[in-house]
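Please read the points below with the coordinates open.

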Amino acid sequence: MGQKVSPIGMRVGVIRDWQSRWYADDKEFGTLLMEDVKIRELVEAYYAKLSNEAVDKRKADPQISRIEIERTKGRLTVIIRTAHPGVVIGQDGKSIEGLKKQVSKIASAKNVQINVVEVANPNLDARLVARWIANELEGRKSFRATQKKAIQNTMRAGAKGIKTAVSGRLGGADMARTEGYSEGVVPLHTLRSDIDYAWEEAATQYGRLGVKVWICRGEVLPGEMVKEPEAPKQRPMRKGKGRRRPDARSNRAPKDAAKAAAPAEKGGNE
């Protein structure tokens with residue numbers, strides 16, 4: 001009988017940090033722990049509801065990768081890592097403000113702050129890749145072609161290796177089975193290897209399909225921790241930047257201007 005452990009949980013304290021960072025006494029620990037669970041469930045349900053109510057569900061999907069929680073004395077900070085920060089924030093910040101009000105109701109801290117961090121490359125995030133595969137399966141796409149395309153996109157993004165597995169009634173078969181593919185190197189037992197792992201479920205007409213994804217993003221040097229890469233902040237374009245001057249390559253006036261100037265010169269000589 002196979003006994004497996006989560007690749008992320010096994011690396012916590014070695015190369016990975018906790019997703020909840022705070023300290024509490026024995027009396028408060030259980031209360032704050034359950035509060036973190038409720039906050040994460042609230043954030044997921046809040047944006048799932050907004051996505052379902054939208055006309056185009058794909059564009060309204062926030063693609064949340066991870067929800068981190070930090071606590072200090074009287075202050076709660078919720079860090080949402082997402083591939084679509086514009087969807088999380090909402091138009092004029094309405095979505096994030098509505099979420100902040102709901103989190104304040106269940107949080108014990110008086111000061112609640114929500115930070116949105118954009119994921120640098122969604123193809124290197126295991127949860128986003130697993131969610132993409134699940135969405136394709138829900139759209140009745142081939143589970144073989146979907147997994148191979150996800151592997152191809154991840155390897156092009158610079159991953160050292162990736163492994164995927166889809167289990168359930170694949171293709172509407174009567175008996176459930178598991179089928180997976182892998183490419184590159186995914187050393188699960190090497191603690192210094194930065195391996196991101198996630199699982200998602202796809203709701204199909206034949207039942208639930210489980211999707212698992214392992215992504216190896218390289219190795220971490222001894223004494224260092226995994227740092228999630230953030231997308232660079234875009235600088236606003238300067239006025240006039242990006243506009244092309246007429247005939248800038250040849251440093252000549254445009255042809256239309258030359259034609260317009262010719263008759264005037266001719267008339268002046270006469």
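1. Strands E6-E5-E8-E7, in that order, form an open sheet of 4 strands with antiparallel pairing. Two strands count as paired if DSSP finds at least two bridges between them. Strands and helices are DSSP runs numbered from the N terminus, with at least two residues (E) for a strand and at least four (H or I) for a helix. The edges of this sheet are E6 and E7, each of which pairs on one side only. From one strand to the next the twist averages 10°; axes here are lines fitted to C-alpha atoms, for helices over the stretch in contact, and angles run from 0 to 180 degrees between N-to-C directions.

2. The model is predicted: local features need pLDDT of at least 70, side-chain atom pairs count only at pLDDT 80 or more, and totals for chains, interfaces and linings use all residues. Residues are numbered from 1 along each chain as its sequence is written, and side-chain values use heavy atoms, with hydrogens and water left out.

3. Within the antiparallel sheet, strand E5 (residues 161-168) is joined to E8 by 7 bridges. Glycine 161 has cysteine 216 in E8 as its bridge partner. Helix H5 (residues 126-138) packs on this sheet and touches E5, E7 and E8, its direction making about 25° with that of E7. A contact means heavy atoms within 4.5 Å. Helix H6 (residues 143-156) lies across E5, E6 and E8 and runs at about 25° to E6.

4. The other open sheet to check has 4 strands in the order E1-E2-E3-E4, and its pairing is mixed. Its edge strands are E1 (20-21) and E4 (111-118), each pairing on one side only. Strand E1 runs parallel to strand E2 (residues 64-72), and 2 bridges join them. Serine 20 has isoleucine 69 in E2 as its bridge partner. Helix H4 (residues 94-106) packs on the sheet, touching strand E3 (75-82) and E4, and its direction makes about 140° with that of E4.

5. How many salt bridges does the rule give? The count comes to 19, where a salt bridge is a side-chain nitrogen of Lys or Arg within 4 Å of a carboxyl oxygen of Asp or Glu. Side chains of opposite charge can pair when their charged atoms come close.

6. Arginine 21 forms a salt bridge with glutamate 70, with the closest N and O atoms 2.9 Å apart. Arginine 21 lies in strand E1 and glutamate 70 in strand E2, so this pair ties together parts that are 49 residues apart in sequence. Both residues are partly exposed, arginine 21 with a relative accessible area of 23% and glutamate 70 with 29%. For these classes, buried means under 20% relative accessible area, exposed over 50%, and partly exposed in between (1.4 Å probe, protein chains only).

7. Arginine 192 and glutamate 219 meet through their side chains in a salt bridge (3.0 Å, N to O). Arginine 192 lies in the loop between strand E6 (177-184) and strand E7 (193-204), and glutamate 219 in strand E8 (residues 207-219), so the pair ties together parts 27 residues apart in sequence. Arginine 192 is partly exposed at 47% relative accessible area, whereas glutamate 219 is exposed at 53%.

8. A salt bridge also joins the side chains of arginine 217 and aspartate 194 (3.3 Å, N to O). Arginine 217 is in strand E8 and aspartate 194 in strand E7, 23 residues apart. Aspartate 194 is buried, with a relative accessible area of 8%. Both belong to a salt-bridge network that links Arg16, Arg66, Asp194, Asp196 and Arg217.

9. Leaving out residues up to four places away in sequence, valine 78 touches Ile39, Ile67, Glu68, Gln113, Ile114 and Asn115. The C-alpha atoms of valine 78 and valine 103 are separated by 9.4 Å, and the two residues are 25 residues apart along the chain.

10. For the record, the protein chain has 7 helices and 8 strands. Of its 270 residues, 35% count as buried. Among contacts with a separation of 6 or more, 65% are between residues 24 or more positions apart. The accessible surface comes to about 18200 Å², 51% of it belonging to carbon and sulfur atoms; accessible areas come from the Shrake-Rupley method with a 1.4 Å probe, and for residues only the protein chains shown count as cover.
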